[in-house]
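The following paragraphs lead through selected features of a predicted model. Please keep the sequence and structure in view while reading.

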Amino acid sequence: MRNPRVGWALLSPTLVILLIFGFAPFLYVLFVGFNQWNVFSAADGLVFNGLDNFRRLVFDDDFLHSVGLTARFAIFAIGSEVVLGFVLAQMLTRDFPGRSLFRIIHTFPLMVAPIAVGAIWRLLVIPGFGPVPFFLDRWLDLTYQIGTYPDQALMTSVLMDIWHWTPFVTLTMLAGLSSIPREPVEQAKVDGANRLQVFWYVTLPFLRPVLLTTIFIRIMDAIRTVDEVWMLAGGGPGTRFTGIYIWRVVFPRTDYGYGSSISLITLYLTIVLCWLLFIAISGRRKGEVE
Amino acid sequence: MSRTQRQRAWGYFGAYAFWIFMTLLTLIPIWWMLVVSMRTRVELFGRPNLMLSRIYLENYSNVLTDSTFQRYMTNSLVVSTANALLVMILALLATYALSRYKLAGRDNIFFWLITNRMAPPAAFLLPLYIMFTRTFRIGNWTLFDTQLGLILLYCVFNLPFAIWLLKGVVDGIPIELDDAAMIDGAGLWGVLRHVIIPLAAPGLAVTGILSWIFAWNEYLFAANLTSVVARTITTALAEFVTVTGTNWGELAAMSMVTLVPSAIIVIFAQRYIVMGLTFGAVKE
Amino acid sequence: MDNTKPESKTTEGFLPFYTNAFDRVFISVVILIGIHLLWLRFMEPALPIELATILSLVIGFFVVRRG
């Protein structure tokens with residue numbers, strides 16, 4: 001009754017667009033990644049140099065440092081977002097007057113353009129007229145300067161990411177929580193489970209697909225963040241995440257070959273990480289009872 | 001007051017205290033942007049004052065009356081609306097295909113679609129630039145600096161995301177409904193129109209809204225693949241920092257203005273956003 | 001997602017999850033790239049890169065056939 005050809009026909013416009021604007025550029029980057037191509041170098045155009053870019057990459061401390069930094073950024077930011085988002089969603093499932101107002105206000109940061117988010121936070125933390133350094137200095141006697149202290153810059157980007165993306169997590173969690181059927185929860189309560197047990201044995205398993213998918217999407221987007229962090233700190237110390245490092249290699253230094261190979265490795269790491277998560281989402285682990 | 005009533009009162013009190021605190025945290029950065037947008041350059045320096053001292057609208061009038069700004073705004077509206085519509089249509093068709101037809105390796109297709117969103121943008125700009133200026137060229141016309149180029153390009157990160165969102169929604173619609181409609185003589189379009197679209201409406205709405213917001217907010221591609229004609233509003237924001245020696249007041253004013261359209265949409269579509277974002281949590 | 005197993009042919013191999021042929025090729029490629037990068041970092045001056053290629057092809061073959 002359902003002819004697969006019709007299915008392929010329905011899928012084809014999507015595939016065509018993604019092949020042209022997603023896959024073709026990827027092939028190009030793959031090709032350039034194995035070449036030396038630097039506008040400032042003596043050689044003109046592309047020069048095939050085999051694995052030399054990758055040889056340079058695995059010993060490039062700046063790159064390795066940027067990967068570590070990105071990992072720390074993603075873990076801190078996404079960890080807090082998931083916990084906070086879950087708590088907020090749990091609060092929103094209760095019925096109280098003014099609930100939808102709070103929900104709308106809480107959705108606000110999601111709508112702000114990343115570049116504007118960066119601008120807002122820069123306005124908050126810029127030395128000279130930003131209120132954050134001023135009040136930290138006056139009340140707590142702390143010197144706060146994201147241009148000077150890498151840790152402060154990293155924590156500021158994490159906070160910014162939390163501010164920007166927690167609403168997204170809250171909304172997905174809220175949708176997930178509201179689709180949990182009532183009976184198992186009631187049954188568990190009747191059986192004498194306390195709240196923690198209900199959460200651990202009933203709510204969490206139901207929420208697992210939503211939770212993992214949310215984490216999946218957040219990881220993907222956190223790794224490729226460039227514009228908002230760039231706007232915040234201008235690529236200063238502590239915020240040189242992989243995306244920004246690639247940006248610096250490709251644009252000011254115009255080292256396209258090397259930039260492409262870094263992109264390929266970043267993409268490789270992202271895909272491996274996300275693929276493992278995808279396996280977990282789709283429940284393809286053996287010995288798992290559905 | 002009985003004990004349960006008192007408990008409930010304290011519950012409300014706790015919830016409100018919590019929410020007021022969260023609301024403050026959420027709104028302080030936006031409030032500060034509003035404050036900055038209503039100050040002159042001189043007033044900004046010195047002791048930071050979180051209060052709004054007076055209503056000063058010159059930054060706004062400077063921004064809004066600028067003809068470049070108006071063009072950027074129109075471009076952004078056209079690009080994000082067209083992109084959201086295109087993404088909704090294509091994603092619905094693709095999701096329906098992935099959900100209902102036994103396509104070879106559809107699990108793999110489903111995962112590999114989303115890898116399009118993972119590419120680090122910086123290095124991919126170069127091939128896209130070449131493609132936009134040289135590959136797609138008819139006479140003097142190129143894809144570079146056109147709205148069409150951006151509309152198609154934004155599909156790369158919006159379409160996979162939309163398919164991921166919609167997959168759960170369409171999977172949640174019982175296949176028996178499709179079959180019943182087909183027995184009644186409905187063709188493919190009939191099924192889509194009378195069964196899938198009505199039942200997937202909240203999911204479709206949230207897909208459209210999020211695609212619209214992502215497209216509206218996109219900066220890197222817009223900044224590098226347009227030059228004059230098709231520039232969008234986010235590129236103008238960045239120009240304030242680099243070109244004019246950072247006029248913070250006007251930058252903040254413009255950020256406020258870019259917030260307005262998405263704010264309107266989200267407020268009106270709030271209901272659908274929660275209903276639609278289930279990521280396949282609905283199991284019958 | 002209701003599909004516990006992918007519909008394409010899956011085999012009972014040593015990998016801890018159900019895989020089809022495409023998945024196993026993908027895993028082999030991932031292993032191939034990983035081995036090469038580690039080799040470049042830790043082994044290269046002493047042992048040539050071709051050894052890494054041979055090693056990963058062997059592992060890849062094993063994964064595709066038995067995974």
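Helix 1 of chain B, residues 3-37, comprises 35 residues. From its first C-alpha to its last, this helix of the predicted model reaches 50 Å, close to the 51 Å expected at 1.5 Å a residue.

Attention now turns to the aromatic rings. Over all chains, the count comes to 33 aromatic pairs. W165(A) and F168(A) are both buried.

The pair of F110(B) and W164(B) is stacked, because the ring centres are 4.9 Å apart and the planes lie at 10 degrees, under the 30 degrees required. This pair links distant parts of the chain, 54 residues apart: F110(B) lies in helix 4 of chain B (residues 106-114) and W164(B) in helix 6 of chain B (residues 147-172). F110(B) has 4% relative accessibility and therefore counts as buried; W164(B), at 4%, likewise counts as buried. Ring pairs join F110(B) and W164(B) into a cluster with F216(A), W275(A), F278(A), F111(B), W112(B), F22(C) and F26(C).

Charged side chains also sit over rings. R56(A) lies over the face of Y258(A), 3.6 Å from the ring centre, while the charged end of R224(A) is placed over the ring of F157(B), 5.9 Å from its centre.

Notes:
Residues numbered from 1 in each chain as written. Chains lettered and ligands numbered in written order. Predicted model: local features only at pLDDT ≥ 70, side-chain atom pairs only at ≥ 80, totals over all residues. Heavy atoms only, no water. Helix = DSSP H or I, 4+ residues; strand = E, 2+ residues; numbered from the N terminus. Expected span 1.5 Å × (residues − 1). Phe/Tyr/Trp six-rings, centres within 6.5 Å; stacked < 30°, edge-to-face > 60°. Buried < 20%, exposed > 50% of the residue type's maximum accessible area, 1.4 Å probe, protein only. Lys NZ or Arg CZ within 6 Å of the ring centre and 35° of its normal.
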